[in-house]
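These are my notes from looking up a few features of one structure.

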Amino acid sequence: MDYIPLLALLSALAAIGLAAFYFSAVKKESPGDPRMVEIMVAIQDGAKAFLRQEYTYVAVFVVIMAVLVAVFVAPLGAATYVFGAVLSASAGYVGMTVATLANARTTEAAKQGPGKALPLAFKGGAVMGFTVAGFALAGLALVYILVVDVLEAEDAFEIITAYSLGASTIALFSRVGGGIYTKAADVGADLVGKVEAGIPEDDPRNPATIADNVGDNVGDVAGMGADLFESYAGSLVAPIALTAFTGAGITAAEAGNVGTINLIMFPLLIATIGMVASIIGSFTVKGGASTDAHALSKALHMSTNVAMAITVVGTVLAGLWIFGDTDLFENWWGIPVSVLGGLVVGFGIGKVAEIWTSDQYAPVKKIAAQSETGPATTILGGISAGMMSVTASVLLIAVGVLIAYWGGEQAAEGLGVYGIAVAAVGMLATTGVVVSVDAYGPIADNAGGIAEMAGLDPSVREVTDALDSLGNTTAAVAKGFAVGSAALTALALFKTFEEALTKADPTFVLSLNVGEVDVFVGLFLGAMLPFLFASLTIDAVGRAANAMIEEVRRQFREIPGLREGLPGVKPDSARCVAISTKASLREMIIPGALAVVVPLVIGFIDVDTLGGFLAGALVTGFCLAIFMANAGGAWDNAKKYIEAGAHGGKGSEPHKAAVVGDTVGDPFKDTSGPSMNILIKVMTIVSLVFASAFV
């Protein structure tokens with residue numbers, strides 16, 4: 001069984017090899033005419049420049065955190081922390097680079113219809129998906145082999161947890177910074193272009209168009225990749241750390257070394273199975289001739305469905321092998337039930353996101369209909385839809401937690417929380433294809449922008465619009481997986497935090513009695529922080545967008561012939577890219593630092609208050625994340641539904657109202673909402689890593 005980390009490493013290397021294969025497949029396709037190549041290069045240069053500056057800023061924070069980890073945890077922990085951060089940043093950079101190569105190639109492929117364009121966009125996204133999953137699993141496997149097997153470090157699992165903290169640090173800043181960038185550009189481009197100037201989306205006359213397309217890559221590709229990297233790594237670290245700190249409820253006398261090692265190896269084995277399943281599933285995506293949303297969705301989601309089916313079978317067999325040959329576990333099937341519960345709930349949350357954000361279902365059609373009476377009713381409809389989706393998602397999570405806990409207890413008394421931890425592993429076992437399907441969306445979005453800016457035949461834009469509309473839904477599905485796993489992972493990490501405190505000081509018992517004043521105060525502080533975080537990030541988008549709007553208006557006003565589209569007159573797109581870059585880097589610092597600084601400050605003052613704080617943040621953070629992601633996705637697709645011809649189509653009054661709704665939803669779904677799941681995990685992991693210092 002000791003060779004399971006090596007199997008995990010090999011499966012991760014296979015995923016990285018597959019990413020390289022898809023990269024070569026994308027690169028050999030034609031990027032189109034010189035104008036398309038010019039636009040592609042401008043987008044690529046802007047995205048690379050932003051990431052280089054962002055990583056320079058974040059590197060300062062990483063160095064400070066590494067010093068703190070070295071002082072309060074272990075010097076080797078600082079090394080694994082930096083390793084996790086570097087791998088996460090690298091995965092984001094690789095995926096973003098390929099996405100900016102795939103966009104023009106997808107536009108060119110769209111000339112031949114969706115049958116050619118959809119698989120190509122998916123392959124571009126698959127480079128991101130399998131780089132993220134491969135780097136995350138390879139990094140964790142290497143850290144485990146080095147720290148546990150080779151060095152036999154005394155604080156081995158605190159050191160492994162630091163790897164996850166490194167990934168979380170990059171994820172938080174990438175999501176916040178990238179989200180502010182993309183939405184500042186998007187809001188500026190839409191409000192001045194569509195509403196004021198009355199020109200189409202992605203029109204080459206609009207100075208903010210290039211910045212908007214750059215933003216799709218730095219926010220929805222690099223930021224999303226770092227998010228899922230962190231979610232995947234965190235979901236694997238949580239059950240391993242829980243077992244190491246607690247024995248997961250099985251005492252040393254009952255389990256000895258054997259039971260503990262079984263529980264530690266099982267998540268790595270599930271990750272290995274999920275990786276192989278994802279690799280197989282990725283080859284099942286085939287395009288057809290139809291631009292029908294249902295047909296496109298079926299073709300794209302085939303990879304996820306196949307991967308999940310293989311993972312289900314593999315999980316049952318893995319459970320039989322790991323838990324079936326020892327008397328230490330009462331029912332070998334208990335833990336596999338927990339994993340499958342997580343897998344089903346993850347699929348369910350994704351389905352909820354699809355129902356509330358796809359124009360194939362009633363909520364989006366209802367919002368589009370409400371646009372007939374203006375922006376106010378459009379906004380009310382989106383808020384209502386987002387809130388209702390929280391109800392369905394919370395019920396699913398509650399069911400998932402109960403099933404996972406029950407499954408764990410069936411395996412052995414005291415394994416309930418471990419069951420919850422591995423449920424998150426099940427939810428993210430197929431991360432390779434989940435991220436591939438998500439990263440497909442920004443590529444399709446960019447492809448539409450390039451088609452418009454290059455002045456291609458409207459039939460090309462029809463194909464890319466159909467692909468893009470599906471991409472909005474797949475993005476919401478991936479966000480559902482990420483935030484659902486965050487709730488389960490944070491719960492497991494919270495329990496591990498509690499045990500880590502006891503390990504550091506056997507006389508200390510964490511109080512979570514809300515009747516105690518310090519716990520009660522912490523609970524309210526925790527419930528407040530996600531709202532503060534959301535407010536800061538939405539305000540940041542608003543300020544950055546305001547600067548962008550003024551710049552676009554200035555160029556339309558001062559550059560003769562720009563609005564009229566006279567030959568040879570071009571906007572100053574570089575200035576808009578610079579505005580978004582500068583604003584997002586400046587604005588991301590305070591929200592990002594909050595997630596690390598606040599739990600440290602509270603923890604050093606009173607640990608019971610910190611316990612209440614983490615509990616409050618987990619609950620409100622989860623609900624806010626679901627609400628914002630689904631409300632924003634619903635507004636966006638309601639706008640696209642109208643643009644496809646419903647309720648008067650493009651340029652109508654309902655369309656203008658829908659654009660306003662979409663503008664409100666932009667920071668919801670692409671900045672504040674996606675950052676929320678990282679926020680609650682970062683705060684929990686920071687508390688866990690520094691637990692011994694608190695007591």
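Is the crossing of helix 17 and helix 19 left-handed or right-handed? I looked it up and found a right-handed crossing. I note here that the model is a predicted one.

**Entry: helix 17 and helix 19**

I took the geometry of this packing next. Helix 17 covers residues 589-605, and its axis lies 9 Å from that of helix 19, at an angle of about 40 degrees. I therefore put helix 17 down as oblique to helix 19. Then I listed who makes the contact. From helix 17 I have Ala-595, Val-596, Pro-599 and Leu-600. From helix 19 I have Leu-679, Val-682, Met-683, Val-686 and Ser-687.

Helix 12 takes in residues 416-428, and its axis comes within 7 Å of the axis of helix 9. The two cross at roughly 50 degrees, and I therefore call helix 9 and helix 12 oblique to each other. Their crossing is right-handed. On the helix 9 side I wrote down Ile-335, Ser-338, Val-339, Gly-342, Leu-343, Val-345 and Gly-346. These meet Tyr-418, Gly-419, Val-422, Ala-423, Gly-426 and Met-427 of helix 12.

**Entry: aromatic pairs**

I asked how many aromatic pairs the structure holds, and the count is 17. I looked at two of them.

One is formed by Phe-61 and Phe-173, with 5.0 Å from centre to centre and 65 degrees between the planes. I record this pair as edge-to-face, because the angle is over 60 degrees. Phe-61 belongs to helix 2 (residues 34-72) and Phe-173 to helix 5 (residues 156-197), so the pair ties together parts 112 residues apart in sequence. I found both Phe-61 and Phe-173 buried.

The other is formed by Phe-72 and Phe-690, and I have it as edge-to-face too, at 6.0 Å centre to centre with 65 degrees between the planes. Phe-72 is in helix 2, while Phe-690 sits in the loop between helix 19 (653-689) and helix 20 (691-694), so this pair ties together parts 618 residues apart in sequence. Phe-690 has a relative accessible area of 1%, so I count Phe-690 as buried. I also noted that Phe-72 and Phe-690 belong to one aromatic cluster with Phe-604 and Phe-694.

**Entry: positive phi**

I looked at backbone angles in two loops. Which value of phi does Glu-152 have? I found phi near 50 degrees, positive although Glu-152 is not a glycine. Glu-152 is in the loop between helix 4 (114-150) and helix 5.

His-647 is placed in the loop between helix 18 (607-643) and helix 19. With a relative accessible area of 27%, His-647 went into my list as partly exposed.

Key:
Residues are numbered from 1 along each chain as its sequence is written. This is a predicted model: local features need pLDDT of at least 70, side-chain atom pairs count only at pLDDT 80 or more; totals for chains, interfaces and linings use all residues. Side-chain values use heavy atoms; hydrogens and water are left out. Rings of Phe, Tyr and Trp (its six-membered ring) pair if their centres lie within 6.5 Å; planes under 30 degrees apart count as stacked, over 60 as edge-to-face and the rest as tilted. Helices (H or I, at least four residues) and strands (E, at least two) are DSSP runs, numbered from the N terminus. Buried means under 20% relative accessible area, exposed over 50%, partly exposed in between (1.4 Å probe, protein chains only). Axes are lines fitted to C-alpha atoms, for helices over the stretch in contact, and angles run from 0 to 180 degrees between N-to-C directions. Angles under 35 degrees count as roughly parallel, over 145 as roughly antiparallel, 65 to 115 as roughly perpendicular and the rest as oblique. A crossing is left-handed if the near helix is turned anticlockwise from the far one by less than a right angle, and right-handed if clockwise. Contact means heavy atoms within 4.5 Å.
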